[in-house]
Amino acid sequence: VADAFPKAAVLSSALTDWRATLGTQYVVGEGPALDAANRACCGRTGAVAAVLYPADAEETLKSLAIGRTYGVPIHAVSMGLNWGYGSFQPPKGRAVVLCLRRLDGIGALDPKAARVRIEPGVTYGRFASRLQSDAPNLLAPEIGAGPDASVLGNALAGGIGKSPYGWMARRLSDIAVAFGDGRIERMPTLDKSGLGSSAADGVVLHADFHLCVAPKYHTLAWARLRDGGEAFASAFHLILSRGTADEPCEQCEFLNGARLRRQSRLWGGPSCQSPQAGWVLGLRIWGHDEAEVRTRADRAQRELASLPTLSTGLVGPERRVNAVSPDREGLVSAYASIGCDPPPDADPDRDGCGVRWIAAFLPTKTSAAVAALDALGVCALRNGFAPALVVRLPDGDPIGILGLFWNRRAPAAHVASADSRAARCAAECREIVDRFGLTPHRYRSG
Ligand SMILES: Cc1cc2nc3c(=O)[nH]c(=O)nc-3n(C[C@H](O)[C@H](O)[C@H](O)COP(=O)(O)OP(=O)(O)OC[C@H]3O[C@@H](n4cnc5c(N)ncnc54)[C@H](O)[C@@H]3O)c2cc1C
């Protein structure tokens, strides 16, 4: 908590010890680099007291021990690209950030078990390159945040994959967690929500990641639904009643018009410019055999045609390429608020894109899910944001995500006002989530 942070003189002594241990250039205690660490696209800023970049597990343990000696709260991140949920910012109060991006080893691949040990600094982009050269038959995981995010950091935060991977935390095993007293504990597996409170104050040094075999074909069946809650309700009901397929699987996503207008298209399928547009439903199907994918796509199209739709369509089936650079449709939505496309080294914190995600597990009772989504959308509008909603179903679990987007390149007073509107909206959404009896996902206050 904020008032638990030690006085300046104590922090200064701790920084002296950290510098002696890690080397001066790997301890950021002031200046433009600290200012950059304190710039978060979600609008929560200023709680990072210093950043440490240890080189390996040994330096990580020593850094934790110094923090413990001086009573300095430590917040561990992998790459720190927790965009929309806090970036480098600690969940509560001030802290020194322990950034593990220099621990970036990828172990030897066990081809039989399709398992490989990864450290926190292994990014989605580098993991994909390694798989492409060493094991092109295995599927590289992807998320919407681009290639520079950490595979392990994303999984530990309860991240959601863009491909058949679903809940990323479920892909981990044998997780090595270090503590300030020098202990290293092994956690066999994690819940879908990631590390959460299961190892409070623990710092993950490495874990095994379980890959799936790359499906050779994929296709997208989509439906643009009629406006209004009823059409969404019947589509939501249909998707939940279909259940989940085994790997290689099917994955579904709903985007409302306010959200789809912010990005170029849904999964390479439909785009949307109309301000009146309702929900679009996308159902992606993967398979090893073209005929099998075609049969499943036909069935999906028949099911979608039974819904109250304005139009439906099919993209593919296409032969799938195990991509090294993940799709950028998600990042387009973040950059839309500053009126440009994401650059190759996209960084919403640096580039002044305001993004805040508010996520909660949805009830499977259709009417309750519709009411909860409506309430979140109305809350966004009340606070001056577009009601940009997505429903994702990693491994079949429906989760609703409201995205707040704004321009942080504006004059300082405007930015401060929009940041506080976003914080207020997040707090009000949290009350809605509680009122509906839902479980929040990756929620951070302030
Ligand atoms: C446009 C856009 C699209 C996005 N799309 C997605 C998406 O599809 N799926 C998704 O899940 N997220 C998405 N995000 C959110 C976010 O950017 C990603 O979750 C990203 O992976 C998090 O950054 P990171 O991987 O660097 O993790 P970090 O920021 O390093 O870690 C995230 C959190 O996990 C914990 N943690 C990380 N490493 C450790 C460790 N070694 N030990 C202990 N605790 C640790 C910490 O609490 C930390 O704050 C998106 C964001 C934007 C802006």
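**Backbone and packing notes**

A: At 25% relative accessibility, Asp174 counts as partly exposed. Please bear in mind that this is a predicted model.

Q: Where is Asp174 found?

A: Asp174 is found in strand 6, which covers residues 172–178.

Q: What is phi of Asp174?

A: Phi of Asp174 is near 50°, which is a positive value in a residue other than glycine. As background, most residues other than glycine have a negative phi.

Q: Now Trp267: what is its phi?

A: Phi of Trp267 is near 50°, again a positive value in a residue other than glycine. Trp267 is placed in the loop between helix 7 (257–260) and strand 11 (280–287).

Q: Is Trp267 buried or exposed?

A: Trp267 counts as buried, because its relative accessibility is 8% and the cut-off for buried is under 20%.

Q: Which peptide bond is cis?

A: The bond from Gly316 to Pro317 is cis, with omega near 5°. Pro317 belongs to strand 12, residues 309–319. In general, most peptide bonds are trans.

Q: Turning to the helices, at what angle do helix 6 and helix 11 pack?

A: Helix 6 (residues 229–242) and helix 11 (residues 366–382) pack at an angle of about 130°, and their axes are 9 Å apart. The two helices are therefore oblique to each other, since angles over 145 degrees would count as roughly antiparallel and 65 to 115 as roughly perpendicular.

Q: Is the crossing of helix 6 and helix 11 left-handed or right-handed?

A: The crossing of helix 6 and helix 11 is right-handed.

Q: Which residues make the contact?

A: Helix 6 contributes Gly229, Phe232, Ala233, Phe236 and His237. From helix 11 come Thr366, Ala369, Val370 and Leu373.

Q: How many of the residues in that contact are nonpolar, polar or charged?

A: By class, the contact of helix 6 with helix 11 has six nonpolar residues, three polar ones and no charged ones.

Q: What about Arg242: which helix does it lie in?

A: Arg242 lies in helix 6.

Q: Why does Arg242 count as buried?

A: Arg242 is buried because its relative accessible area is 18%, and buried means under 20%.

Q: With which residues is Arg242 in contact, leaving aside neighbours within four places in sequence?

A: With those neighbours left aside, Arg242 is in contact with Glu250, Leu283, Arg299, Ala300 and Glu303. The side chains of Arg242 and Glu250 are joined by a polar contact of 2.7 Å.

Terms used. Residues are numbered from 1 along each chain as its sequence is written. This is a predicted model: local features need pLDDT of at least 70, side-chain atom pairs count only at pLDDT 80 or more; totals for chains, interfaces and linings use all residues. Side-chain values use heavy atoms; hydrogens and water are left out. Axes are lines fitted to C-alpha atoms, for helices over the stretch in contact, and angles run from 0 to 180 degrees between N-to-C directions. Helices (H or I, at least four residues) and strands (E, at least two) are DSSP runs, numbered from the N terminus. Angles under 35 degrees count as roughly parallel, over 145 as roughly antiparallel, 65 to 115 as roughly perpendicular and the rest as oblique. A crossing is left-handed if the near helix is turned anticlockwise from the far one by less than a right angle, and right-handed if clockwise. Contact means heavy atoms within 4.5 Å. Ala, Val, Leu, Ile, Met, Phe, Trp, Tyr, Cys and Pro count as nonpolar, Asp, Glu, Lys and Arg as charged, and the others, Gly among them, as polar. Buried means under 20% relative accessible area, exposed over 50%, partly exposed in between (1.4 Å probe, protein chains only). A polar contact is a pair of N or O atoms within 3.5 Å; within protein, one must be able to donate a hydrogen and the other to accept it, and residues adjacent in sequence count only if both atoms are side-chain atoms.
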